Amino acid sequence: MEGENVEVLEYDKAYEKYMNIIPTLEKNKGWITEHLVKYQGIWLTPKGGLKGVIMSQQLFKSKPNDIFLATFPKSGTTWFKAIIFSIINRKLFSPNEHPLLNSSPHECVPFLELLYSNKENLNSTLEHLQSPRIFATHSPYPLFSQLLGSNLTTSPTVKIVYVARNPKDVLISTWEFTKKLRHEANLPLISLQEAYDMFCQGLIHFGSYWDHVLGYYKASLMYPKNVLFLSYETMKDDPSFWVRKLADFLDQGFTKEEEGEGLVKKILDLCSFESLSKVGANKSGIQRFTSHVMVPSSYFFRKGVVGDWRKYLTMEMAQHLDEITKCKFESSGLSCFRSS
Ligand code: PAP
């Protein structure tokens, strides 16, 4: 489509900026990759995260009705990609021919950072996206908001859905995911104690976790029409209520006829952990993260429950994480995760 394609020269210029920045950045130990680098105060993987952030900051052209799903990694991205995609495209597909029955939610909704770090697929992916376009991002709000050019008051119809998950489950989900990838990359495994220490220090890709959640929470208070703040736990608790809220927020509220057909339940069933984890593409497909890192789709489906951290963390670890969370969130009024 005219005006959407990224020219080769434009891409190469942005890539040069990325290459020039890398050697100037502070480095530390990584989870998925050997190292993380610090860019504008955020820890990022050098090839996927940093490259994607710098490339998208320079090349992404926002459209007025774009929808963004923003998450800290392992907070429910796969699930919410499926839900948002199903809400938005519900008139296009019959229940038996739905793309989510044959492809991963990650193929239906691209990650901005991965899309822009991958020159080969960029234009073809952009060309195939239906309007309204749906993107996912792990970028913290201060980095992400740079993509929109200015602040949200100048993009009144852009919608951002932020999903937060309790930090203890995020830690365990990330640690389990990381273990598999490090094993495949022949990197030494990180012990749970070490992962816990790094998490508490904010040393994690796209971290710190707490700054990430707070950034979007504050944006949701400032721009309530543009930013909806949800949590994995509340969606688990009352999915029908929150899917309706989400659809209303996206200006795609369910009609009486759709309610009568039980569409909310159909969408929730299609996107449930039980259904998606049985889809062939999610059992045996592969997601390409960077030119070097390929991730089996099945790694995005582990348990999908609230409170699995109880099987891993000592009481002291859990209490300390709760204290950090209370301390970081208290003054903002953010009160979720007290009982998770
Ligand atoms: P990402 O941010 O790296 O894309 P993301 O999808 O947020 O990953 O995290 C995967 C987590 O969501 C896993 O949690 P667990 O490790 O605690 O089990 C995964 O099981 C869970 N998940 C994936 N799909 C669903 C779903 N349909 N419903 C609920 N949870 C899900």
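Hi everyone, a quick definition to begin: helix axes here are lines fitted to C-alpha atoms over the stretch in contact, and angles run from 0 to 180 degrees between N-to-C directions. Helices themselves are DSSP runs (H or I, at least four residues), numbered from the N terminus.

What we have is a predicted model, where local features need pLDDT of at least 70, side-chain atom pairs count only at pLDDT 80 or more, and totals for chains, interfaces and linings use all residues. Residues are numbered from 1 along each chain as its sequence is written, and side-chain values use heavy atoms, leaving out hydrogens and water.

Let's start with H3, residues 77-88, and H12, residues 239-249: their axes lie 10 Å apart, at an angle of about 60°. That makes H3 oblique to H12 (angles under 35 degrees count as roughly parallel, over 145 as roughly antiparallel, 65 to 115 as roughly perpendicular, and the rest as oblique). Who meets whom? From H3 come Phe 80, Ile 83, Ile 84 and Ile 87, and from H12 come Val 243, Leu 246 and Ala 247, contact meaning heavy atoms within 4.5 Å.

H3 also has H14, residues 263-271, as a partner: the two axes come within 9 Å and cross at roughly 145°. Here Trp 79, Ala 82, Ile 83, Ser 86 and Ile 87 of H3 meet Ile 267, Leu 270 and Cys 271 of H14. Finally, leaving aside neighbours within four places in sequence, Tyr 116 is in contact with residues including Val 6, Tyr 11, Met 55 and Leu 126.

Key
Helix = DSSP H or I, 4+ residues; strand = E, 2+ residues; numbered from the N terminus.
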